[in-house]
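Please look through the sequence and the model below before reading on.

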Amino acid sequence: FPYTTLFRSLMRPEGLIARVELFEVDAGAAALARFGELVGGRRGANVGAVARYLQAYADRDWDSVAAQWQDGGVMIDHRPVSLGRLEGGRAVADVLRGLIELVPDGHIEVAQILALDDRGVLYRHDGGGHDEHGGLVEISLLLAALIGEDGRYAHGEAFPSDAERAA
């Protein structure tokens, strides 16, 4: 029988798998939050911030999306067709709400964490959905995020998914 699952794994420095946990395929934010718990410390808290952001988006809770950003937080989109510079969490939430109006079943997930430290996280963010005519819409980008001591986004920058060096 076909079975689809999502898993997160922790690797030891020598490249051996230390732990694997399986999740339902639609539990991306929960899997990411659990990964943050396993990593622990400030780095784990930064992963937790991303998980909270994704869950707020999935819940279409735009007030919570806005609250994931510090006052004065800035999001800069460097992609060729971009959202430009967004000032504050409310602006980010309003843009995301507008995109959901165009792609009502839109979803996003963290496909890969590329870098993680005590100040922030760089991750590939994939998503998609369908427009009002049923046409497939797909998105993939890199997001570099600085996470404040309070666990909220202080600064974010989006790059094309193939621009890992620039990010």
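1. A salt bridge here is a side-chain nitrogen of Lys or Arg within 4 Å of a carboxyl oxygen of Asp or Glu. The model is a predicted one, in which local features need pLDDT of at least 70 and side-chain atom pairs count only at pLDDT 80 or more, while totals for chains, interfaces and linings use all residues. Residues are numbered from 1 along each chain as its sequence is written, and side-chain values use heavy atoms, with hydrogens and water left out.

2. The structure holds nine salt bridges, and one of them joins Arg85 to Glu87, with 2.5 Å between the closest N and O atoms. Relative accessible area is called buried under 20%, exposed over 50% and partly exposed in between (1.4 Å probe, protein chains only). Arg85 therefore counts as exposed, at 52%, whereas Glu87, at 49%, counts as partly exposed.

3. Arg90 forms a salt bridge with Asp63, the closest N and O atoms being 2.7 Å apart. This pair links distant parts of the chain, since Arg90 lies in helix α4 (residues 89-102) and Asp63 in helix α3 (residues 62-67), 27 residues apart. Helices (H or I, at least four residues) and strands (E, at least two) are DSSP runs, numbered from the N terminus. Arg90 is partly exposed at 36% relative accessibility, and Asp63 is exposed at 56%.

4. Asp94 and Arg97 form another salt bridge, with 3.1 Å between the closest N and O atoms. Both residues lie in helix α4, three residues apart, which is about one turn of the helix. Through shared partners, salt bridges join Asp63, Arg90, Asp94 and Arg97 into one network.

5. Strand β7 (residues 136-147) pairs with strand β8 (residues 153-160) in the antiparallel sense over seven bridges. In β8, His155 is the bridge partner of Leu146.

Technical notes: Pairing = 2+ DSSP bridges.
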